[in-house]
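Take a moment to turn the model around before reading on.

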Amino acid sequence: MVFAGRAAHERHFADFTEEAVLLADRLAAQPEGEPAELQQELAALSLRMICGFALGGADAGTDAARVVAAFEEVLTEHLGRLYGVPRTDPRPAARADEALG
């Protein structure tokens with residue numbers, strides 16, 4: 001019932017759990033009082049899970065941090081254009097193009 005009858009969710013559950021536990025362990029290992037960039041960490045976790053589910057995971061040579069950063073660059077540029085958000089960065093389109101390359 002937890003997986004809503006979706007076999008694909010069940011197949012990936014162990015990987016999702018491992019990702020979440022690794023994040024929790026990393027956060028728990030931080031020195032007490034040191035702030036955590038929780039929003040960034042959870043965004044990266046979500047994207048790794050989405051990529052793992054949709055793309056079948058990443059090979060050992062894939063830099064997950066680079067993939068997450070590229071996704072954020074492209075998404076930020078796209079949403080900025082869509083909603084007409086004023087640009088503060090002089091190179092957002094170039095960075096998004098580089099991220100796609």
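**A walk through the chain**

Let's begin with His-12, which is found in helix 1. Helices here are DSSP runs of H or I with at least four residues, strands are runs of E with at least two, and both are numbered from the N terminus. Keep in mind that this is a predicted model: local features need pLDDT of at least 70, side-chain atom pairs count only at pLDDT 80 or more, and totals for chains, interfaces and linings use all residues. Residues are numbered from 1 along each chain as its sequence is written, and side-chain values use heavy atoms, with hydrogens and water left out.

So is His-12 buried or exposed? His-12 is buried, because its relative accessible area is 15%, and buried means under 20%, exposed over 50% and partly exposed in between, with a 1.4 Å probe and protein chains only. Setting aside neighbours within four places in sequence, His-12 is in contact (heavy atoms within 4.5 Å) with Gly-52 and Phe-53.

Arg-26 also lies in helix 1. With a relative accessible area of 41%, Arg-26 is partly exposed. Which residues does Arg-26 contact, once neighbours within four places in sequence are left aside? They are Glu-41 and Arg-48.

Now hop over to helix 4, the place of Ala-96. Ala-96 counts as buried, at 5% relative accessibility. Not counting residues up to four places away in sequence, Ala-96 touches Glu-73, Val-74 and Glu-77. There's also Ala-70, 26 residues away along the chain, whose C-alpha atom is separated from that of Ala-96 by 7.2 Å.

Next, the second largest pocket. On a 1 Å grid over the protein atoms alone, a pocket is an open set of points with protein on both sides within 12 Å along at least five of seven lines, where a 1.4 Å probe fits, and lining residues have an atom within 4 Å of a point. The second largest pocket has a volume of about 200 Å³, a volume being the space filled by probe spheres set on the points, which are joined across faces, edges and corners. Its lining includes Glu-73 and Glu-77, both of which Ala-96 touches. Helix 3 (64–83) and helix 4 (92–100) each supply at least two residues of this lining, and helix 3 gives the most, with five. By type, the lining divides into three nonpolar, three polar and six charged residues; Ala, Val, Leu, Ile, Met, Phe, Trp, Tyr, Cys and Pro count as nonpolar, Asp, Glu, Lys and Arg as charged, and the others, Gly among them, as polar.

Finally, step back to the whole chain. It has four helices and zero strands, running α-α-α-α from the N terminus on. Of the 101 residues, 13% count as buried. Among contacts with a separation of 6 or more, 40% come from residues 24 or more positions apart.

How confident is the predictor?
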